[in-house]
Amino acid sequence: MAWAKKDGSGAEIKSIENSLRTVNERKHDMIYKLGELYYEQFKDAEIENEDFKSKVDIINKLDYNCKVWNNRKLKTQGMRSCDGCGNILPYESFFCNKCGVKLDAVAEELVIIQD
Ligand SMILES: [Zn+2]
């Protein structure tokens, strides 16, 4: 019986590669969502695992730097946000005109992240 070796370049292989890509993307997306859930649940908890702790620390610093970049963006428009309620106010404000909280200095210094 003759057996012809296939070259793997036809439409079938393309279709399989598309399926593989789709499955891997969904898997990656689910792992990401699982990580988000885990992070939200344990970010403020006392965790023994050093690897987890260091990753949470990096994420917290990235969160802080996001805030700094948002502050810098608002500052270019002469504005700032309220730490209490997120209200957008003139940069020189001392109190929030929405929730009444006394405003702290705007965080404008990025933290250095070493991973
Ligand atoms: Zn406010």
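Modeller: Start with a definition: helices (H or I, at least four residues) and strands (E, at least two) are DSSP runs, numbered from the N terminus. By that rule the protein chain has two helices and two strands. Their order from the N terminus is α-α-β-β. This is a predicted model, where local features need pLDDT of at least 70, side-chain atom pairs count only at pLDDT 80 or more, and totals for chains, interfaces and linings use all residues. Residues are numbered from 1 along each chain as its sequence is written.

Colleague: What makes Trp69 count as exposed?

Modeller: Use the cut-offs: a residue is buried if 20 or more other C-beta atoms lie within 10 Å of its own, exposed if 12 or fewer, and partly exposed in between, with C-beta atoms placed from the backbone. Trp69 has 12 C-beta neighbours inside 10 Å, so it counts as exposed. Trp69 sits in helix α2 (residues 50-75).

Colleague: Which distance separates Trp69 from Glu109 in space?

Modeller: Their C-alpha atoms are 9.1 Å apart, while 40 residues separate Trp69 and Glu109 in sequence.

Colleague: What span is expected for helix α1, and what span does it reach?

Modeller: The expected span is 1.5 Å times one less than the number of residues. Helix α1 (residues 11-42) reaches 46 Å from its first C-alpha to its last, close to the 46 Å expected.

Colleague: How does the radius of gyration of the protein chain compare with that of a compact globule?

Modeller: The radius is taken over C-alpha atoms, and the globule rule is 2.2 Å times the number of residues to the power 0.38. For 115 residues, a compact globule would come out near 13 Å, but the protein chain has 24 Å. Its C-alpha atoms fill a box of roughly 85 × 40 × 25 Å along the principal axes.

Colleague: What domains is the protein chain divided into?

Modeller: Domain bounds come from an automatic or database domain assignment. Here they give domain 1 (11-42) and domain 2 (50-115). The C-alpha centres of domain 1 and domain 2 lie 32 Å apart.
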